Amino acid sequence: MQHDNGRLVALGVREAGSDAEAQASQFLLQSLRASGIDVEVREVPLPTGGTSSNLLARFGVGGTHVLFGAHFDSKPPSPGADDNGSGTVVLLELARRLVEAPPQDGIVTLAFFGAEEILVGYDGNSHHFGSRLLAEQMAEGGELPDLMISADMVGVGEQIVAATYLDADPSAAELIAEAAAELGLTVQLIQRGDISDHEAFARLGVPSAFLWRPDNPDYHQATDLEVRTEALLEDLAILEAVLELTTES
Ligand SMILES: [Zn+2]
């Protein structure tokens, strides 16, 4: 995962709609396909006139549908090792494991989201473009998931948080805490507003949560250059434990 994270950081600031963001999308697409994973690419139009993208990889058939998402763009001037190269590489590693051992009873969709961060020069609601578009597409197609978790900034701090969007259904955050407890890890449950890619799904009534390590002094700065291997491994294990609780018969 460190290697993948380094590849993303080496692209520079992955601002939504930029060449670097498009290169990150290509890197993820090629990495997934190299592991024999089918990937669907969906364009994400931006109000800047530019374009971002979502990458979707689906594993398993029938039963409970779990969606994990991570955004791969970053906010200038940050090269986004933690925000959100961390969640991105955790999902990339999870994809490689799921293609070898798909869920026994259920569907897992992994979404690599473009354009999560607030666009420079736009208002504070001009963000989450990739995840909001996917939520809308899934709602229109009658295929909203039963559970959604956004892995965002999961590579630095010691403290692990599962955040519910405001007063929405807290069951997804509770499930994260239950899964983590099985691994001997403590997760704090909190409520937060309009941050991260679970927001659009929570607003549509999907039990949704934001897996987060909030303690990163380099957040949104040019110094967001490194992540901790131990943190990435713990977060990967938490997501796998969530799948054990939801998609294994
Ligand atoms: Zn982020």
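These legends accompany several close-up views of the structure above.

The model is predicted: local features need pLDDT of at least 70, side-chain atom pairs count only at pLDDT 80 or more, and totals for chains, interfaces and linings use all residues. Residues are numbered from 1 along each chain as its sequence is written.

**View A. Helix H3, from end to end.** Helix H3 covers residues 85-100; helices (H or I, at least four residues) and strands (E, at least two) are DSSP runs, numbered from the N terminus. Its 16 residues reach 23 Å from the first C-alpha to the last, close to the 22 Å expected at 1.5 Å a residue. That expected span is 1.5 Å times one less than the number of residues in the helix. Look along H3 for its buried residues, which are Gly 85, Ser 86, Gly 87, Thr 88, Val 89, Val 90, Leu 91, Leu 92, Leu 94, Ala 95 and Leu 98. Here a residue is buried if 20 or more other C-beta atoms lie within 10 Å of its own, exposed if 12 or fewer, and partly exposed in between, with C-beta atoms placed from the backbone.

**View B. Helix H1 against H3.** H1 (residues 2-10) packs on H3 at an angle of about 135°, and their axes are 9 Å apart. Axes are lines fitted to C-alpha atoms, for helices over the stretch in contact, and angles run from 0 to 180 degrees between N-to-C directions. This angle makes H1 oblique to H3; angles under 35 degrees count as roughly parallel, over 145 as roughly antiparallel, 65 to 115 as roughly perpendicular and the rest as oblique. H1 passes H3 in a right-handed crossing, where a crossing is left-handed if the near helix is turned anticlockwise from the far one by less than a right angle, and right-handed if clockwise. From H1, Asp 4, Asn 5, Leu 8 and Val 9 meet Gly 85, Ser 86, Thr 88, Val 89 and Leu 92 of H3. Two residues are in contact if their C-beta atoms, placed from the backbone, lie within 7 Å. The contact of H1 with H3 divides into 4 nonpolar, 4 polar and 1 charged residues. Ala, Val, Leu, Ile, Met, Phe, Trp, Tyr, Cys and Pro count as nonpolar, Asp, Glu, Lys and Arg as charged, and the others, Gly among them, as polar.

**View C. H3 with helix H7.** H3 and H7 pack at about 55°, with axes 10 Å apart, and are therefore oblique to each other. Their crossing is right-handed. Ser 86, Val 89, Val 90, Glu 93 and Leu 94 on the H3 side meet Leu 232, Asp 235, Leu 236 and Leu 239 on the H7 side. By class, this contact of H3 with H7 holds 6 nonpolar, 1 polar and 2 charged residues.

**View D. H7 with helix H5.** H5 (residues 171-182) and H7 (residues 229-247) pack at an angle of about 105°, their axes 8 Å apart. H5 is thus roughly perpendicular to H7. Leu 175, Ile 176, Glu 178, Ala 179, Ala 180 and Glu 182 of H5 meet Ile 238, Ala 241, Val 242 and Leu 245 of H7. The contact of H5 with H7 has 8 nonpolar, no polar and 2 charged residues.

**View E. Two cis peptide bonds.** Pro 77 lies in the loop between strand S3 (65-71) and H3. Another cis bond, with omega about 0°, joins Asp 83 and Asn 84. Asn 84 lies in the loop between S3 and H3.

View F. Ala 115, a residue other than glycine, has a positive phi near 55°. Ala 115 lies in the loop between strand S4 (107-113) and helix H4 (129-140), and counts as buried with 32 C-beta neighbours inside 10 Å. Met 153 also has a positive phi, near 60°. Met 153 sits in the loop between strand S5 (147-151) and strand S6 (160-165), and its 29 C-beta neighbours inside 10 Å make it buried.

**View G. Leu 28 and its neighbours.** Leu 28 belongs to helix H2 (residues 19-34) and counts as buried, with 26 C-beta neighbours inside 10 Å. Not counting residues up to four places away in sequence, Leu 28 touches Leu 55, Phe 72, Leu 92 and Phe 112.
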